[in-house]
Number of protein chains: 2
Amino acid sequence: MEGMDHLAHERNKTEFDVDAMKIVWAGSRHAFELSDRMARLVASDPAFRKDDRTRLGRKGILRLTEEEAGQLRNFVDEPSFTDLHWGMFVPAIKGQGTDEQQQKWLPLAYKMQIIGCYAQTELGHGSNVQGLETTATFDPDTDEFVIHSPTLTSSKWWPGGLGKISTHAIVYARLITNGQEHGVHGFIVQLRSLDDHMPLPGITIGDIGMKFGNGAYNTMDNGVLKFDHIRIPRNQMLMRVLQVTREGKCVQSNVPRQLIYGTMVFVRQTIVADASTALSRAVCIATRYSAVRRQFGSQDGGMETQVIDYKTQQSRLFPLLASAYAFRFVGEWLKWLYMDVTQRLQAKDFSTLPEAHACTAGLKSLTTTATADAIEECRKLCGGHGYLCASGLPELFAVYVPACTYEGDNVVLLLQVARFLMKTDLLHCCCDVQRAEDWLKPGVVLEAFEARSARMCVACAKNLSKFENPEDGFAELSADLVEAAVAHCQLIVVSKFIDKLQQDIPGKGVKQQLQNLCYIYVVNLVHKYLGDFLSTGCITPKQASLANDQLRSLYSQIRPNAIALVDAFNYTDHYLGSVLGRSDGNVYPKLYEEAWKDPLNDSVVPDGYHEYVHPMLKQQLRNARL
Amino acid sequence: MEGMDHLAHERNKTEFDVDAMKIVWAGSRHAFELSDRMARLVASDPAFRKDDRTRLGRKGILRLTEEEAGQLRNFVDEPSFTDLHWGMFVPAIKGQGTDEQQQKWLPLAYKMQIIGCYAQTELGHGSNVQGLETTATFDPDTDEFVIHSPTLTSSKWWPGGLGKISTHAIVYARLITNGQEHGVHGFIVQLRSLDDHMPLPGITIGDIGMKFGNGAYNTMDNGVLKFDHIRIPRNQMLMRVLQVTREGKCVQSNVPRQLIYGTMVFVRQTIVADASTALSRAVCIATRYSAVRRQFGSQDGGMETQVIDYKTQQSRLFPLLASAYAFRFVGEWLKWLYMDVTQRLQAKDFSTLPEAHACTAGLKSLTTTATADAIEECRKLCGGHGYLCASGLPELFAVYVPACTYEGDNVVLLLQVARFLMKTDLLHCCCDVQRAEDWLKPGVVLEAFEARSARMCVACAKNLSKFENPEDGFAELSADLVEAAVAHCQLIVVSKFIDKLQQDIPGKGVKQQLQNLCYIYVVNLVHKYLGDFLSTGCITPKQASLANDQLRSLYSQIRPNAIALVDAFNYTDHYLGSVLGRSDGNVYPKLYEEAWKDPLNDSVVPDGYHEYVHPMLKQQLRNARL
């Protein structure tokens with residue numbers, strides 16, 4: 001059976017050009033080739049075996065471009081201190097350091113002569129950066145800052161790479177000069193000796209302990225850090241925006257503060273891109289296994305029915321498949337938006353920043369929440385075997401869920417979107433669906449989603465106006481505001497997917513499949529959020545029922561292409577890391593093989609048998625019902 | 001700070017008699033005292049420490065009643081082979097064994113001179129018991145059954161306690177006598193030698209490997225088992241219902257087959273009870289931590305706002321608190337239902353069995369799905385720290401989620417409910433809400449939920465009637481049918497909660513709190529499933545908006561009592577196993593202490609530093625961007 005494709009009968013049903021779809025998914029031929037090459041490189045190198053992880057060994061000896069290295073880290077598929085060094089420490093110096101600071105620190109960081117992390121969050125303070133307690137007090141006598149943790153809750157807590165590895169950190173602290181506070185700023189602080197790695201005097205540092213999952217973020221040394229009056233030179237404050245002079249005066253530079261929001265937009269658009277990656281991995285596993293797994297429905301002792309053919313399975317799985325594509329395309333658009341905003345910022349045009357900021361905040365929230373839920377749903381769609389680590393899904397879930405919390409708690413972000421929406425003018429419109437097929441008209445769909453979003457906003461605004469103090473109203477109505485924000489974000493995803501369909505997309509049948517996916521995403525949302533659409537009068541119960549009919553028809557159309565649509569993600573078996581999601585569908589023999597690798601199976605008679613079990617069986621222990 | 005109650009200011013706000021509520025929660029004074037005593041016993045015994053688990057050591061030396069032992073196992077709070085021995089092996093012999101078989105096997109099992117497990121599920125077969133492949137072929141020459149695994153997919157897979165510990169199993173296999181199949185039956189099969197624990201000849205046995213979570217079901221030796229023509233005496237088939245004679249003839253006994261459904265009702269009602277337990281644990285942790293955690297909203301450098309005071313937090317947390325109570329009471333009712341059905345079965349009255357079977361199937365599905373989602377939601381409600389194992393929530397989630405799959409996949413179960421509903425007569429009615437307070441009238445609420453459930457059923461029935469073959473219709477419409485089944489199950493939970501409120505409930509303010517919780521449960525469901533209520537015309541958009549207003553008011557009423565309402569669960573800190581959920585609210589110092597216990601912190605300079613990190617920092621490795 002080795003080498004045989006157990007999913008060949010599925011792949012034979014495909015009605016579109018899978019290679020062309022791979023390019024669409026990757027974004028461009030260049031992106032496809034790059035990621036394909038890196039994925040194969042990692043998959044073929046024993047150093048990156050997932051079943052027998054060894055770290056760091058050979059990672060240092062490859063020579064890659066920055067773009068290649070980024071993809072490679074991605075396919076190595078294990079959180080590690082390098083994520084923070086390259087993803088946060090280096091960008092923070094680039095973005096917030098002066099030219100001088102960049103010249104000094106970046107070469108050290110690039111060559112990894114120092115290893116850096118990003119120490120912002122504290123034990124008692126997460127989302128509210130302005131509430132951080134760590135202080136950086138300027139001492140004019142010595143021209144130094146004194147970094148100090150005044151309370152237990154001010155201990156830095158969570159920074160990845162901090163616990164055991166990093167030599168340096170960007171530490172965020174309240175700046176105090178001449179007895180006055182000047183807000184929270186970043187400081188480059190050395191933590192450990194470069195000779196023997198011991199923490200420098202006055203620095204308490206350690207790992208914060210076990211986290212969710214067997215592997216997941218347990219490969220990362222998230223750390224705790226306390227300062228007892230640590231002194232650093234004045235020029236280690238990141239001073240691109242605000243400078244502290246020799247005398248301890250604060251001087252604003254002419255670099256716009258808004259640049260910081262630009263960085264946030266950047267980080268959050270990468271999170272949206274990562275959401276579509278994580279979601280598509282889970283969907284790939286669940287779709288393939290649903291085609292392999294059979295259950296019930298056998299007649300006269302014949303084969304049972306593939307579970308992917310059950311409508312209940314389709315109605316849970318296919319909307320997630322559609323979401324993977326939807327998030328991919330809205331992520332592409334966000335990447336464009338970020339570049340556009342950056343160019344405008346450089347020309348001192350700040351006009352589009354608030355909307356870009358709200359968009360990325362909202363989409364970060366929407367896509368990460370949906371993806372975390374979807375991974376767990378995919379695990380359930382794999383039945384009992386999804387609970388085995390060999391399915392790859394428990395770890396994917398455990399490693400993914402922090403995305404709902406880091407870089408802005410998802411609910412807090414939606415409230416920011418709501419705040420933006422309450423400042424926006426809104427328009428009204430109405431839905432023109434008379435037959436099920438009308439749900440496939442882009443204009444009709446967009447109008448319905450625009451009307452829903454607008455009317456939910458208007459309802460909130462109306463309720464808000466009843467409060468004397470708008471802030472009280474905002475607090476009291478925040479649950480409704482979050483729902484309005486979700487509606488707005490879904491409108492963005494829907495409209496960007498529809499935009500994508502207006503483009504020229506080569507490859508036989510590719511556009512047709514994308515259209516089906518788009519409308520599965522859309523009509524499933526109508527069904528799932530029916531209360532919104534009906535209560536705002538955007539659609540009628542009859543139109544809702546037609547939407548349901550259309551959804552069933554779309555599921556039937558997507559069904560024969562399901563395996564090919566997940567093949568189009570172009571994931572190696574190595575990257576998927578799932579016996580259930582194997583490309584060749586040879587699930588059961590491999591699951592059976594995998595079991596025997598567990599260390600528990602090294603001995604036939606388990607440890608502890610002679611000490612505990614044998615005496616009990618032989619009644620040498622007084623025993624009871626336990 | 002040790003010994004101080006950091007939640008005292010919360011407990012001072014309480015408006016009801018917490019001790020009286022503890023009795024209501026436990027079900028009776030006897031139940032309260034029993035569980036309180038066992039919880040304390042386990043919590044005070046170092047053998048059951050959770051941070052340093054040692055197993056079996058002292059478990060055998062306690063003398064307890066069956067009721068006490070059950071509670072004790074519950075508070076030990078770690079899945080182990082004893083769960084299956086006592087929970088499945090013993091009951092299977094009791095339920096399906098003849099008197100003779102019970103006399104032989106039960107004493108051995110009670111004294112644990114043998115350890116048993118329950119081997120039903122196979123690698124390729126889960127929910128569909130009739131699809132099992134293992135065979136038990138009667139050999140009249142030797143008066144034996146030959147147990148055999150004809151294929152790889154027929155390997156038993158998942159049974160807890162099988163992998164390394166059990167000496168015996170109840171094995172389910174297709175009975176074959178005289179060349180004819182007679183369905184799936186249970187057989188007592190010895191697996192391992194009672195002398196040296198080696199698997200008997202012809203038996204391949206092992207552990208199936210790592211599962212979700214760090215601890216969770218990894219403390220259980222879920223196993224794989226293959227038979228190569230194993231022979232057992234004829235009298236080891238469980239023959240209470242069907243007997244195989246010396247000649248190999250099958251003879252139905254006069255014991256009703258329906259007894260097997262009775263057992264299913266029993267197992268599933270315990271799962272519903274467990275759901276309220278798991279949910280209440282998670283809610284207890286999240287509620288207490290939400291009162292400890294502060295974020296944003298500080299003015300003039302004062303204290304930040306407790307996150308439990310944010311409406312967004314309340315709108316996510318309080319419905320879960322209400323659900324914990326709702327599931328508790330519907331679980332009580334199910335327990336009564338089981339006893340009622342059992343008494344009727346003994347009197348050969350099978351009339352209520354189909355409804356009882358549908359009820360328990362549906363409620364098993366509804367409560368386990370809601371609980372799994374709720375635990376994860378509670379974890380998110382604890383922000384970043386919820387991701388630490390020290391929060392107790394990752395493990396609670398990992399150990400709980402299998403409940404959605406075992407004892408009947410939740411979607412398959414809902415389809416069984418739907419099948420039952422399609423046979424039922426339905427009535428119509430209409431909602432009479434004019435002011436927000438009208439949502440607090442039991443009659444009004446029940447009518448709305450009855451109407452919604454009935455109309456969704458009628459709509460399904462109408463669509464089904466369009467199909468020539470009803471089975472085709474059932475398959476095609478199964479996603480809609482599942483939704484109708486959910487509506488029906490929610491109606492049951494709502495009506496049982498309302499029934500509970502009609503009872504005499506002593507204790508100052510207790511009934512008022514239960515009323516608030518009941519209507520939070522109810523009105524939140526109206527909001528969450530608004531599409532159902534509006535599309536079936538059961539309520540109007542205006543009534544929906546009034547429901548929303550009422551919900552906000554209910555949240556404000558429950559807020560001051562939130563901590564006391566979770567205190568009423570009477571969970572020890574040991575049982576909760578959560579730093580965030582500590583009864584005294586002393587979260588941060590304990591979290592800080594906990595971190596240093598991680599083995600990674602045993603050494604200041606981590607393993608591997610000299611081998612990997614130092615050479616990199618000193619550029620003795622050629623390096624690149626990684």
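## Sheet in chain A

In this predicted model, strand E8 (residues 223-227) of chain A runs antiparallel to E4(A), the two being joined by 2 bridges. Within this pairing, A:Lys156 lies opposite A:Leu225 of E8(A).

Both strands belong to an open, antiparallel sheet of 3 strands, ordered E4-E8-E7 in chain A. Strand E4 (156-157) and strand E7 (203-207) of chain A each have a single partner strand, so they form the edges and one side of each lacks a neighbour in the sheet.

## Aromatic pairs

The count of aromatic pairs over all chains is 47. One of them is the stacked pair of A:Phe212 and B:Phe212, with 6.1 Å centre to centre and 10 degrees between the planes. This pair crosses between chains, each partner lying in the loop between E7 and E8 of its chain. Both A:Phe212 and B:Phe212 are buried.

In chain B, the planes of B:Phe449 and B:Phe533 stand at 75 degrees with ring centres 5.1 Å apart, so this pair is edge-to-face. B:Phe449 belongs to helix H12 (residues 442-464) and B:Phe533 to helix H16 (residues 530-535), 84 residues apart. B:Phe449 has 0% relative accessibility and therefore counts as buried; the value for B:Phe533 is also 0%, so B:Phe533 is buried.

## Nonpolar core

The largest nonpolar core contains 359 residues, and B:Trp439 is among those with the most contacts inside it. Beyond its neighbours within four places in sequence, B:Trp439 contacts residues including B:Cys431, B:Tyr519, B:Ile539 and B:Leu546.

## Charges over rings

A:Arg328 is placed over the face of A:Trp25, 4.6 Å from the ring centre. In chain B, B:Arg328 lies over the face of B:Trp25, at 4.6 Å from the ring centre.

Key. Residues are numbered from 1 along each chain as its sequence is written. Chains are lettered from A and ligands numbered from 1 in the order in which they are written. This is a predicted model: local features need pLDDT of at least 70, side-chain atom pairs count only at pLDDT 80 or more; totals for chains, interfaces and linings use all residues. Side-chain values use heavy atoms; hydrogens and water are left out. Two strands pair if DSSP finds at least two bridges between them. Helices (H or I, at least four residues) and strands (E, at least two) are DSSP runs, numbered from the N terminus. A nonpolar core is a set of buried Ala, Val, Leu, Ile, Met, Phe, Trp, Tyr and Cys residues joined through side-chain atoms within 4.5 Å. Buried means under 20% relative accessible area, exposed over 50%, partly exposed in between (1.4 Å probe, protein chains only). Contact means heavy atoms within 4.5 Å. Rings of Phe, Tyr and Trp (its six-membered ring) pair if their centres lie within 6.5 Å; planes under 30 degrees apart count as stacked, over 60 as edge-to-face and the rest as tilted. A charge sits over a ring if NZ of Lys or CZ of Arg is within 6 Å of the ring centre and within 35 degrees of the ring normal.
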